[in-house]
Amino acid sequence: MPTVGIIAEYNPLHNGHVHHYNEAKRLSGASHSIVVMSGPFTQRGEPAMLSKRARTEMALRMGADLVIELPVAYAVQPAEWFAFGAVALLEATGVVSSLCFGSESGSLAQLLPLARFLSEESGPLQSELRSRLALGESFPAAYSAAAAQVWQDSGEAGSGPLPAASRPNVPAERKALPDDHSGTGSVPKLNEDSLAELLHGPNNSLGLHYLIALRRLGSRIAPLTVPRLGAGFHEPLRTGTAIASATALRGLLRMGGSPADYIPEYSLDILRCEQQEGRGPLDWESFRSPLLHLLSTRSAAELGGLLDVSEGLEHRLLRVLPELEQFSVSGLLSALKSKRYTRTRLQRMLLHILLNHGKEEFSSGALSQGPGYIRVLGFRESGRSLLKKMKQSATLPVITRPALCSHPHLERDLQASAAYAAAFASPLRSELYSDYLQPPVMI
């Protein structure tokens with residue numbers, strides 16, 4: 001039963017996602033698929049436009065056999081921990097044979113040797129990264145530059161792939177990772193400039209972290225990549241094409257436009273149903289009131305104990321707040337944004353404040369332990385065979401009823417779902433506590 005894994009947010013699920021799914025099945029030759037999907041909040045620190053149940057139904061109608069939830073502990077983290085948590089879940093199922101992700105490069109030829117190198121040279125990388133962050137660089141810019149510098153200093157720049165067997169202390173299972181699944185056969189050289197250009201693509205950067213996670217877990221899951229089609233991440237909608245970025249689609253929906261040309265019909269039907277029921281689309285302004293309440297009733301010391309509130313940001317937050325003529329989340333973000341702090345970084349900070357995520361609970365040491373459960377969000381009839389097999393193969397408990405499991409991250413997931421549903425027009429008990437009251441989505 002070859003099974004391909006996909007890591008996604010489907011915020012919302014559009015034609016580009018359908019293309020990726022179809023290509024993932026074709027390239028992998030898999031008969032089944034498992035999607036690891038973020039829950040109510042996303043990696044860029046934003047509320048999902050639609051609930052995780054709605055987006056799960058979209059994924060299942062597209063063809064996914066099984067959808068499992070990426071715990072909020074990992075879903076709202078920088079790329080390193082987002083990727084680690086998602087890949088660790090796929091590994092823990094015991095049934096996934098390949099992982100397919102989208103990339104701007106459309107090839108593993110450059111990403112694989114870089115992943116090998118960075119997974120084995122984390123000490124120098126972290127030291128260089130800290131130095132650049134101390135100079136005021138944003139994390140994405142600092143990581144790209146630090147990786148390029150460490151790569152250059154190692155003497156590997158301009159070389160071909162790094163043979164796993166040539167480095168000490170590389171577990172044998174890591175040597176099973178293929179050199180490339182793109183069919184190019186050659187490995188382009190990487191110098192500092194080409195590396196910076198490579199990592200400038202957000203999908204390339206995230207894909208690199210998937211590959212690093214596979215190596216650190218000693219996984220035999222084979223990586224695959226599909227070239228990203230159509231508009232780039234920040235590009236506006238284009239006429240004459242059926243593929244648009246999720247960012248552009250969310251902007252279109254906020255302006256009251258119709259995404260019918262860019263999303264499959266089943267996604268459009270689910271979207272319309274959620275709108276009619278007052279369950280979306282949501283954005284940061286849907287959480288303006290609870291966020292303002294929390295910011296207004298916490299001291300600098302209390303804010304400073306929360307994740308990503310560091311380097312004096314707690315004082316800056318409390319100083320900026322009374323300067324806003326009219327409070328809005330977008331206005332607050334604009335007032336806080338600087339060269340050092342990207343909008344994504346600040347959005348994640350606000351999410352941690354909204355959800356009361358403490359620094360110790362979500363420290364690197366805690367996250368490195370990996371997820372503690374596999375939470376099933378939904379499945380097709382064809383997914384039952386996967387669940388049956390996972391009862392024997394999974395290395396973590398497979399949960400369909402949260403009440404039967406106790407884990408700190410699961411408690412945070414349940415809290416996040418309730419906080420999200422509280423922003424609905426008229427939230428019902430069945431929506432606020434859907435994790436307890438509703439079974440997984442089945443089609």
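Biologist: Which helix does Ser119 lie in?
Modeller: Ser119 is part of helix H5, residues 111-120. Keep in mind that we're looking at a predicted model.

Biologist: Why is Ser119 called buried?
Modeller: Its relative accessibility is 10%, and buried means under 20%, so Ser119 counts as buried.

Biologist: What makes the pairing of the Ser119 and Arg215 side chains a polar contact?
Modeller: The distance is 3.3 Å, and the cut-off for a pair of N or O atoms is within 3.5 Å, with one able to donate a hydrogen and the other to accept it. So the two side chains qualify. A polar atom of the Ser119 side chain also lies 3.0 Å from the backbone oxygen of Arg116. Leaving aside neighbours within four places in sequence, Ser119 is in contact with Ile212, Arg215 and Arg216.

Biologist: What makes you say the buried residues of H11 line one face?
Modeller: The buried ones are Ser267, Leu268, Ile270, Leu271 and Glu274. Looking down the axis of H11, they fall within an arc of 165 degrees, so they line one face. On the other side, Glu265 and Gln276 are exposed. Helix H2 (52-62) and helix H10 (246-254) are among what covers the buried residues.

Biologist: Now the loops. What stands out about the phi of Tyr10?
Modeller: Phi of Tyr10 is near 50 degrees, a positive value in a residue other than glycine. Tyr10 sits in the loop between E1 and H1.

Biologist: And why is Tyr10 called buried?
Modeller: Its relative accessible area is 2%, and the limit is under 20%, so Tyr10 is buried.

Biologist: Asp308 is in a loop too; why does Asp308 count as buried?
Modeller: Asp308 lies between helix H13 (300-304) and helix H14 (313-320). At 18% relative accessibility it is under the 20% limit, so it counts as buried. Asp308 also has a positive phi, about 70 degrees, although it is not a glycine.

Biologist: Last one: how do you know that the bond from Asn11 to Pro12 is cis?
Modeller: Omega there is near 0 degrees, and the bond is cis. Another cis peptide bond joins Gly280 and Pro281, with omega about 0 degrees. Pro281 is in the loop between H11 and helix H12 (288-296).

How values were computed: Residues numbered from 1 in each chain as written. Predicted model: local features only at pLDDT ≥ 70, side-chain atom pairs only at ≥ 80, totals over all residues. Heavy atoms only, no water. Buried < 20%, exposed > 50% of the residue type's maximum accessible area, 1.4 Å probe, protein only. Helix = DSSP H or I, 4+ residues; strand = E, 2+ residues; numbered from the N terminus. Arc of directions from axis to C-beta. Contact = heavy atoms within 4.5 Å.
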